[in-house]
Amino acid sequence: MSTEQGGINQVAKMSSSIGKLTCAALALGLLAIGVAQAGSREQAKRMHDRIAGVPPTAAVLDQMAAEIAAGRPLAAANIAMQSSAFYNVTLKNFVAPWTNREQSVFVPLNDYTATVIGMVRDDEPFDTVLSADILYTAPGASGVAAYSPANNDHFDQLEQTGADLKTVLVKQTQSGLNGIPAAATAGVMTSRAAAEAFFIAGTNRAMFRFTLMNHLCRDMEQMLDTSRPPDRIRQDVSRSPGGDSRIFLNNCIGCHSGMDPLAQSFAYYQYDETLARLVYTAGQMQPKYFNNSDNFKPGYVTPDDHWDNYWRKGPNQVVGWDIQLPGTGNGAKTMGQELARSDAFAACQVEKVFKTVCFRAPADATDRARVQVIKNDFKAGGYKIKQVFAETAAYCMGD
Amino acid sequence: MSRAMNLLRPLVLLAALSLAACGGGAETKVNPIINQAPVPNYTGPAAATADIQAFKINLWENLKESNRCGGCHNATGQSPRFARNDDVNLAYQDALALVNLTQPDMSRLVAKVSGGHNCWLSANSACGDTMTVWIRNWAGAVATGGKTIQLVAPPDRSVGSSKTFPADSVLYSSTIHPLVRQFCARCHASNAGTPVSPYFADANVDAAYAAARSKINLDNTSLSRLEVRLRDEFHNCWGDCATSAATMLQRIDAFANGVPLTQVDPSLVVSKALTLYEGTVAAGGNRYESNVIALWEFKTGMGTTAFDTSGQEPAINLTFSGDVSWVGGWGMKVGAGGKAQGTSSSSKKLADRIKATGEYSIEAWVAPANVVQEDAWIVSYSGGPTARNTTLGQRAYQYQMQTRSSKTDANGAPITLTRDTDRDAQASLQHVVLSYDPVNGQRLYVNGVATGDVDRAGGGNLSDWDDSFALVLGNETSGTRPWTGVLKMVAVHSRALTAAQVRQNFDAGVGERYFMLFNVTQLTNVPQSYIMFEASQYDSYSYMFAKPTFISLDPAARPGSLPLKGMRIGVNGAEVRVGQAYVPMDVMVNDSNYASSTGQPLGGIGTVIALEKGPANDQFFLTFERIAANTHTVTEPPLAPPAAPVDLPPQSQVGLRQFEEISASMAAMTTVPTTQSEVKTTYELVKQALPQNESVEGFLSAQQVGIAQLAIEYCNALVENSTLRSAYFPGVDFSGSASALFGTAGARDQVFNPLLDRMLGVSVGTQPDRVAVRGELDSLAGKLSSCGGSCAADRSKTIAKASCGAVLGSAVTLLQ
């Protein structure tokens with residue numbers, strides 16, 4: 001037998017063994033879950049796996065099991081959240097799909113993701129994620145390019161070097177780092193990654209749509225309401241697509257009548273492809289708002305960044321808009337508050353965490369009731385995402 | 001002699017009858033005799049003035065023929081003798097009383113032929129349009145622009161209860177549809193041998209119902225076109241027309257009686273009501289048409305011919321074939337494979353005139369059905385896919401131009417396309433002009449703006465144009481370059497339009513527009529006060545309302561201070577649900593913003609409102625939340641209770657680790673950092689092959705291969721790194737022989753226990769059974785250490801790596 005053949009046989013044997021182990025373990029694992037009542041050690045193991053994405057060390061497992069046995073599952077969850085993997089793995093991949101149009105998880109770490117991770121770590125009120133003047137960078141990280149608003153090198157290299165995001169991220173301000181006026185900052189919506197994905201070319205409606213999808217768990221179809229006034233629909237929306245106005249009256253109008261007056265808040269934002277950065281032109285309309293203005297001449301000609309929420313009336317009241325807010329304003333910051341103070345925003349964060357931790361959508365009345373409780377706790381407790389992870393992990397740790 | 005007299009007598013009689021038919025102004029439905037002797041060339045006195053000369057060239061020359069007005073209104077015939085051939089100056093005198101040079105379409109001549117008085121075409125409206133063009137040409141450019149519209153008060157009509165067509169076709173299918181299927185489907189169905197729009201007898205009852213709605217008058221059934229065509233116009237009756245009409249009316253009544261009246265909500269604050277056609281016609285904008293040689297406005301709305309109303313003889317009347325139908329508010333819709341084509345003999349005028357000038361323009365209002373169609377001809381003057389004079393086409397988001405010239409081949413190649421990235425072609429109504437001049441060649445304008453694309457061939461001469469080709473819309477003459485979309489106007493000019501002229505024609509817009517005056521006098525107490533809209537039928541399914549204005553027809557009236565808030569448009573007794581763009585309106589009409597001639601504009605926003613019964617029957621009105629002292633509080637309908645959530649099927653309580661979790665877990669279980677170079681390289685290689693979500697159902701064997709690869713890499717890094725290795729396997733000497741290290745269970749404990757402790761954990765019931773896993777490892781080690789006494793020196797490390805990889809790459813890591 002040649003050396004090469006021997007090598008092949010060896011790999012074949014190993015693969016065979018691995019395969020057998022996998023099958024056996026899968027079967028065993030499923031069997032164990034299906035039949036046995038989980039004890040505190042099993043619950044601790046699952047909780048750690050779900051929160052941190054990695055198995056616990058023996059010592060951590062012991063600590064967590066002890067907390068669970070003592071009836072303090074939230075304390076156990078908090079121990080799991082001290083793992084760096086919670087930040088470097090779970091949260092990073094939790095956020096990454098929100099930062100690009102393809103909703104791909106295979107994108108480099110960026111300022112959007114880092115900022116959410118930092119906000120979670122520091123228990124920053126998450127309802128400011130769409131409005132705060134906030135940005136997390138790692139100024140002290142060694143061997144990493146300095147932060148620049150014109151490229152992603154800093155974050156890319158943080159990821160490449162395996163930097164511990166739990167420790168290296170430092171809270172900063174967008175206005176301080178990239179020169180955008182504090183009043184024009186709008187949390188992650190004005191991050192470089194979001195701008196590159198959603199303010200690039202187009203009409204800036206993408207920023208609205210994706211923010212809605214990622215933070216209110218609703219795509220435009222779910223917001224369809226044809227009964228709102230269409231007076232703010234821009235000129236570029238054809239009122240008779242292909243010569244058939246029924247399409248407009250039955251479909252297009254249902255989203256654009258509410259979306260256009262809200263997306264007007266982005267009127268001064270642009271992602272400049274040459275400069276490779278977000279650009280804010282105070283008081284100066286971005287030309288993209290006048291694209292295809294001949295499609296419907298009597299359409300709305302955007303004069304400024306004043307926004308109105310038409311969906312506060314009609315069927316989209318179910319979003320649960322905050323009655324303390326006026327439902328109108330200027331610029332992305334206040335519009336971000338409008339979205340993030342809605343009940344749907346809080347519910348969406350809980351649903352996303354539930355899916356991450358429990359591996360499923362809320363399935364029955366019991367699940368839904370728990371989600372409701374966790375959401376209420378989230379709102380009442382200062383919008384701390386870690387609390388949502390803890391409560392959800394406690395719910396899904398197994399009986 | 002007497003024989004001659006006898007022969008002549010019937011001719012005289014015939015002539016007398018013929019004249020009698022012209023006399024008395026009685027309308028006749030019979031088209032005139034067209035075989036009369038031609039009128040001899042004019043030999044009378046010369047035109048005395050420039051205006052008479054303009055009359056002679058532009059109008060009289062077209063009317064004097066005996067198959068037009070000259071057959072009766074000649075020197076010896078019926079008065080007025082505006083078509084007399086003996087003295088053009090006398091003809092001019094008579095003609096002056098019959099034309100309105102300021103507003104040519106309001107001329108008596110136009111009204112007569114439009115009303116069917118000896119129209120020489122199959123459609124009266126086409127005669128009217130052609131006559132309008134002739135009179136406009138006489139009047140000259142001055143008459144077409146800058147005139148003041150005289151607003152006319154509409155009839156004073158309160159909003160009445162009305163019937164609205166039901167949304168579904170159930171009632172239609174049980175009343176009218178069976179009848180029209182029986183007697184009308186031979187033409188008025190999409191699958192008929194010679195399909196004739198509208199398809200109210202289509203086999204698809206929904207499509208038939210949609211087409212029939214505009215032919216039924218719910219409020220006055222005897223005005224329904226379905227019955228009128230039989231009763232008054234004797235259109236293809238199935239036996240006695242009166243009986244056919246009565247049968248049809250019976251069915252229409254049965255349908256209408258099944259539709260309940262929509263009662264007007266008495267709490268609403270409403271204006272007076274009117275229909276679109278009761279508005280004042282807004283004169284077409286000031287179009288530049290000095291060199292139009294062919295023009296199709298698609299006004300006829302019935303039949304299968306689109307008339308060339310340019311007034312330039314011969315008219316290139318286009319015959320529909322395939323899927324071509326009319327669009328409401330003037331237009332033609334070309335479906336898949338349809339086309340509208342002229343004859344090559346009439347199309348010859350294009351070649352003749354354009355060769356003479358060496359330049360031309362094609363102007364069209366187009367709405368492409370989509371932006372994916374390619375090789376789709378919109379307007380073409382050609383002889384097949386490989387031979388043409390000119391073609392304007394669409395290729396996805398680009399417009400395509402092919403003019404045959406001295407610089408191109410016979411197919412107009414090289415073709416010129418608009419830049420792809422500009423996305424000039426959009427699936428919405430666009431004004432597109434292709435102009436050609438000998439210097440620049442082809443240039444394209446979209447919505448009044450030059451696209452800036454340069455003709456690849458450059459300018460040349462057009463003397464090689466083939467006059468045997470035919471003009472065709474929406475396809476190639478061969479039918480092999482189908483385009484789909486809507487054409488609302490097409491014109492051919494014998495000159496290259498300048499940028500300013502293109503802009504002028506774009507600004508003039510397209511289609512019929514009306515100033516609709518909604519009377520609010522009783523609400524405002526301002527005399528003759530109205531909310532005025534500029535309105536039009538936007539397409540077959542909707543109206544456009546724009547430019548709301550408060551205005552009084554009393555020049556002395558002033559609004560004072562008049563609040564106006566929350567305006568809504570109502571149709572047929574009920575507020576429209578979709579498209580209420582004026583709900584947010586909250587303005588104050590006052591003297592300082594009001595001018596008696598123009599009123600006070602209430603905003604520039606326009607909106608689109610769904611068509612219900614058609615422009616002749618849809619009765620519009622306005623409602624207000626507040627106007628002057630009148631108020632109405634609008635309450636939103638209560639929210640529908642949310643649907644009860646549906647329980648999901650049972651889902652797995654366990655799941656897979658995702659790609660990065662797997663790597664991070666392996667790092668945690670082996671103590672090898674994720675940044676270790678070989679590990680990192682392998683991870684980057686396989687990460688997209690690893691699981692991306694937790695679903696166990698989504699697990700693939702390919703993912704297991706990736707996991708195995710990564711596991712081996714981690715284990716390799718662990719065993720090969722002396723520091724990590726000695727910390728992980730304390731006291732184990734991997735340089736020893738395989739048989740020594742793995743020969744006994746006790747020896748194997750030193751390697752396997754650290755692996756199992758770290759990977760399986762201790763006392764976790766949900767993990768794989770430790771004994772079973774150990775058994776597998778023992779078996780593996782046994783096989784690998786059986787080398788017949790000739791194991792390689794590194795075999796111990798290899799077995800350690802394999803054992804490590806077997807556990808690490810298993811469900812121990814994968815499942816959570």
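How many residues does the contact take from chain A and from chain B? In this predicted model, the contact takes 72 residues from chain A and 82 residues from chain B.

**The chain A side of the contact**

On the side of chain A that touches chain B, the elements that give two or more residues are helices H1 (3-35), H2 (40-52), H3 (58-69), H5 (84-95) and H13 (245-263) of chain A. The most comes from H1(A), which gives 17 residues. By residue class, this side of chain A divides into 33 nonpolar, 22 polar and 17 charged residues.

**The two chains**

Here are some overall values for each chain.

| Property | Chain A | Chain B |
|---|---|---|
| Helices and strands | 17 helices and six strands | 23 helices and 31 strands |
| C-alpha span along the principal axes | roughly 75 × 50 × 45 Å | about 145 × 70 × 65 Å |
| Buried residues | 54% of 399 residues | 48% of 816 residues |
| Share of contacts (separation of 6 or more) that join residues at least 24 apart | 69% | 66% |

**An open sheet in chain B**

Let us now go into chain B and look at one of its sheets. Eight strands of chain B, in the order E7-E8-E11-E20-E13-E14-E15-E16, form an open sheet with antiparallel pairing. Strands E7 (305-306) and E16 (416-417) of chain B stand at the edges and have a single partner strand each, so one side of each is left without a neighbour in the sheet. Helix H12 (residues 344-357) of chain B packs on this sheet, where it touches E13, E14 and strand E20 (470-473) of chain B. The direction of H12(B) makes about 95° with that of E20(B).

Why is strand E14 of chain B largely enclosed by the rest of the structure? Seven of the nine residues of E14(B), which covers residues 387-395, are buried, so the strand is largely enclosed. Burial here calls for 20 or more other C-beta atoms within 10 Å of a residue's own.

E14(B) pairs with two strands that can be followed in detail. With strand E13 (residues 376-384) of chain B, the pairing is antiparallel and runs over seven bridges. One of the pairs links B:Ser382 to its bridge partner B:Arg388 in E14(B).

In E15(B), B:Tyr399 is the bridge partner of B:Gln394, and B:Gln400 stands opposite B:Gly393. The hairpin of E14(B) and E15(B) has two residues between the strands, and in this hairpin B:Ala396 takes a positive phi near 50°.

**The helix on the sheet**

H12(B) itself has 14 residues, and the distance from its first C-alpha to its last is 20 Å, close to the 20 Å expected at 1.5 Å a residue. Which residues of H12(B) are buried? They are B:Ser347, B:Lys349, B:Leu350, B:Ala351 and B:Ile354. An α-helix has 3.6 residues a turn, so residues three or four places apart point the same way. The cover over the buried residues of H12(B) includes strands E6 (292-296), E12 (360-368), E13, E14, E20 and E21 (485-493) of chain B. After the helix H12(B) comes B:Gly358, with a positive phi near 75°.

**Two further spots in chain B**

Helix H9 (residues 205-212) of chain B has its own set of buried residues: B:Ala208, B:Tyr209, B:Ala210, B:Ala211 and B:Ala212. Their cover includes helix H7 (170-174) and helix H8 (176-183) of chain B.

Our last stop is B:His431, in strand E17 (residues 430-437) of chain B. Is B:His431 buried or exposed? B:His431 is buried, because 24 other C-beta atoms lie within 10 Å. Leaving aside neighbours within four places in sequence, B:His431 is in contact with B:Trp365, B:Asn447, B:Gly448 and B:Phe506. Of these contacts, B:Gly448 is 17 residues from B:His431 in sequence, and the two are 7.0 Å apart in space, C-alpha to C-alpha.

Methods
Residues numbered from 1 in each chain as written. Chains lettered and ligands numbered in written order. Predicted model: local features only at pLDDT ≥ 70, side-chain atom pairs only at ≥ 80, totals over all residues. Buried ≥ 20, exposed ≤ 12 C-beta atoms within 10 Å, placed from the backbone. Helix = DSSP H or I, 4+ residues; strand = E, 2+ residues; numbered from the N terminus. Pairing = 2+ DSSP bridges. Contact = placed C-beta atoms within 7 Å. Axes fitted to C-alpha atoms, helices over the stretch in contact; angles between N-to-C directions. Nonpolar A, V, L, I, M, F, W, Y, C, P; charged D, E, K, R; others polar. Expected span 1.5 Å × (residues − 1).
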